[in-house]
Amino acid sequence: MAITFYYGAGSPFAWRVWLALEHKLLDYDQRVLSFSEGDPKKPEFAALNPRRKVPVLVDAQGPGQGQAPFVLYESAAILEYLDEAYPGSGMPLFPGDMRGRALIRRMVCEADNYVAPAVNRLLSRVLFTPQPQWNAEKIAAAHRDCVEEFDAWEPQFRGDYLAGPLSAADLTLYPMVALALRCEYKKPDVDVRAALPPQFDGWMQRIQSLPYFSKTWPAHWK
Ligand SMILES: N[C@@H](CCC(=O)N[C@@H](CS)C(=O)NCC(=O)O)C(=O)O
């Protein structure tokens, strides 16, 4: 298989790449790393990504065929690469004209720089803090930050998806929202779903209805 994709279940960054590989109808070999076993920290993985994080993509084919396999980490860069390396395969991740693509890139940056840290704060205070140590004030503050962030996305929608057609922006934001919703599984009164802007419901359902979506759902969330 030309493409090898290093994945960790529950990582919104790795999930984005999985969705993108499927959206592009690419063949790939998936290697699942276990966070609890410390797989990303192991030397063989650190040789691929010195930052010791998933996702990583290794492409032994693509435009540089005949050269050494191309190793790439950072999910946003991976999506850009896949779209440029395989323009004729599947659906584009950055559809539209130059300005349309710039807007998609801007949304990807906004999700990474603002949504991900907000969701991460909520996760760390709910999912990664033992229940006896939950701090109601800190959880409420993190919840508020997430809600403010999600609210800021409501006016961005240009149709069924963020940029009109499905794009890298949706595949980036969706896993972050799903992760925030996951907090309700452990602490139902966090109630992220009720706080989502109205447009999110249909948008999430459209993404969840994509033919490849269900296989990308984190295995331990079933
Ligand atoms: N900016 C990176 C973030 C990747 C990242 O933070 N990955 C986390 C999982 S969400 C990870 O692999 N952490 C390693 C660990 O927990 O051992 C990207 O977009 O790829």
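Okay, glutamate 74 and the ligand: an N or O atom in that side chain sits 2.7 Å from a nitrogen atom of the ligand. Keep in mind that this is a predicted model, so every distance I quote is computed from it.

While we're on glutamate 74, have a look at its backbone. Phi there is positive, about 80°, even though the residue is not a glycine. As for where that is, glutamate 74 belongs to the loop between strand 4, residues 70-73, and helix 3, residues 75-85.

Now the oxygen side of things. Which side chain has an N or O atom 2.9 Å from an oxygen atom of the ligand? That one is lysine 41. Then there's valine 54, and here the backbone does the work: one of its N or O atoms is 2.8 Å from a ligand oxygen. On its own, the ligand has 510 Å² of accessible area, and the protein covers 75% of that.

The peptide bond joining it to proline 55 is cis, with omega about 5°. Proline 55 falls in the loop between helix 2, which is 43-46, and strand 3, which is 56-59. Both valine 54 and proline 55 are among the residues surrounding the ligand.

Okay, zooming out to the whole shell. Besides the ones I've named, the residues around the ligand include Ser11, Pro12, Phe13, Phe35, Pro40, Arg52, Lys53 and Ser75. How does that shell divide by residue type? You get six nonpolar, two polar and four charged. And the place where the ligand sits is the largest pocket.

Side chains of opposite charge can pair when their charged atoms come close. How many salt bridges turn up in a search of the whole structure? Ten. One I'd like you to find on the screen is aspartate 112 with arginine 16, where the closest N and O atoms are 2.5 Å apart. Aspartate 112 is in helix 4, residues 98-126, and arginine 16 is in helix 1, residues 12-23, so this pair ties together parts 96 residues apart in sequence.

That's my tour, over to you.

Methods: Residues are numbered from 1 along each chain as its sequence is written. This is a predicted model: local features need pLDDT of at least 70, side-chain atom pairs count only at pLDDT 80 or more; totals for chains, interfaces and linings use all residues. Side-chain values use heavy atoms; hydrogens and water are left out. A residue is near a molecule or strand if one of its heavy atoms lies within 4 Å of it. A polar contact is a pair of N or O atoms within 3.5 Å; within protein, one must be able to donate a hydrogen and the other to accept it, and residues adjacent in sequence count only if both atoms are side-chain atoms. Accessible areas come from the Shrake-Rupley method with a 1.4 Å probe; for residues, only the protein chains shown count as cover. On a 1 Å grid over the protein atoms alone, a cavity is a set of points where a 1.4 Å probe fits but cannot get out, and a pocket is an open set with protein on both sides within 12 Å along at least five of seven lines; lining residues have an atom within 4 Å of a point. A molecule sits in a cavity or pocket if more than half of its atoms lie within 2 Å of its grid points. Ala, Val, Leu, Ile, Met, Phe, Trp, Tyr, Cys and Pro count as nonpolar, Asp, Glu, Lys and Arg as charged, and the others, Gly among them, as polar. A salt bridge is a side-chain nitrogen of Lys or Arg within 4 Å of a carboxyl oxygen of Asp or Glu. Helices (H or I, at least four residues) and strands (E, at least two) are DSSP runs, numbered from the N terminus.
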